[in-house]
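Subject: Structure handover

Hello,

Here is the structure I promised to pass on. My notes follow below it.

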Amino acid sequence: MKTEVVSEKVAFSVSGWSYNGDGITQNVSFEELRHAGIGSIWKGFDTNNCGRDLHEESAEVIHRTDKGVAVLFRAWGTTDEPNPVDWEDEPVLRWYEFA
C-alpha cells in the first residue's frame, strides 16, 4: 500500500536578524490563526544586541470573523552603516480565510 502525507503549510513567518546574525523566527499555522483573538501578536526579533542592519517584524490580528482573520504586518529596523539610521516599512494588511 502506498502512503501519502499531507501537511498543512505555515500561514506566515515573522523573523528578526541583524549584522551579527539571525535572531528569532516564529512560524504561525492556520490552526493558531483559527484560535487567535483580536490583539494576538507574533514577533520576530534580533537576539544579537546589534544595532546595525537590524530587521524585525510583527504580525497582529486586528479583526476576526468566523470566516477568517485580518492580520496587520509591520517591519522596522536600521540601515547597515557605521551610524545606522532607523527605518520602518509601510504596514501591510492581509486577510486569511479559513476552509
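Leaving aside neighbours within four places in sequence, which residues is E97 in contact with? They are K67 and G68. Bear in mind that this is a predicted model.

E97 sits in strand β7, residues 92-97. Its relative accessibility is 58%, above the 50% cut-off, so E97 counts as exposed. The E97 side chain makes a polar contact of 3.4 Å with the side chain of W95. Between E97 and L72 there are 14 Å in space, C-alpha to C-alpha, and 25 residues in sequence.

Now the overall picture. The protein has 1 helix and 7 strands. Read from the N terminus, the order is β-β-α-β-β-β-β-β. The radius of gyration is 17 Å, whereas a compact globule of 99 residues would come near 13 Å. Along the principal axes, the C-alpha atoms fill a box of roughly 55 × 40 × 15 Å. Of the 99 residues, 31% count as buried. The accessible surface is about 6700 Å², and carbon and sulfur atoms account for 49% of it. Take the contacts between residues at least 6 apart in sequence: 46% of these join residues at least 24 apart.

Next, the core. The largest nonpolar core holds 14 residues. Those with the most contacts inside it are F12, L33, W42, A59, V69, V71 and Y96. Three strands each supply at least two residues of this core: β1 (10-18), β4 (55-64) and β5 (68-78). F12 is worth a look on screen. Setting aside residues up to four places away in sequence, F12 touches Q26, N27, V28, L33, W42, A59, V71, F73, R94 and Y96. Among these, L33, W42, A59, V71 and Y96 are also on the list of core residues with the most contacts.

On to the start of the chain. β1 pairs with strand β2, residues 21-29, in the antiparallel sense. The pairing runs over 7 bridges. A hairpin of 2 residues joins β1 to β2. Within the pair, V14 stands opposite Q26 of β2.

Then H55. Is this residue buried or exposed? H55 is buried, because its relative accessibility of 13% falls under the 20% cut-off. H55 belongs to strand β4. Its side chain is joined to that of E57 by a polar contact of 3.0 Å. Not counting residues up to four places away in sequence, H55 touches S15, G16, W17, A75, W76, G77 and W87.

Last, E88. This residue lies in strand β6, residues 86-88. With 61% relative accessibility, over the 50% cut-off, E88 counts as exposed. Beyond four places in sequence, E88 touches A75 and W76. Both A75 and W76 are also among the residues that H55 touches. E88 and E57 are 31 residues apart along the chain, and their C-alpha atoms are separated by 10.0 Å. E57 is also the residue whose side chain makes the polar contact with H55.

Best wishes

How values were computed:
Residues are numbered from 1 along each chain as its sequence is written. This is a predicted model: local features need pLDDT of at least 70, side-chain atom pairs count only at pLDDT 80 or more; totals for chains, interfaces and linings use all residues. Side-chain values use heavy atoms; hydrogens and water are left out. A nonpolar core is a set of buried Ala, Val, Leu, Ile, Met, Phe, Trp, Tyr and Cys residues joined through side-chain atoms within 4.5 Å. Buried means under 20% relative accessible area, exposed over 50%, partly exposed in between (1.4 Å probe, protein chains only). Helices (H or I, at least four residues) and strands (E, at least two) are DSSP runs, numbered from the N terminus. Contact means heavy atoms within 4.5 Å. A polar contact is a pair of N or O atoms within 3.5 Å; within protein, one must be able to donate a hydrogen and the other to accept it, and residues adjacent in sequence count only if both atoms are side-chain atoms. Two strands pair if DSSP finds at least two bridges between them. The radius of gyration is taken over C-alpha atoms; the globule rule is 2.2 Å times the number of residues to the power 0.38. Accessible areas come from the Shrake-Rupley method with a 1.4 Å probe; for residues, only the protein chains shown count as cover.
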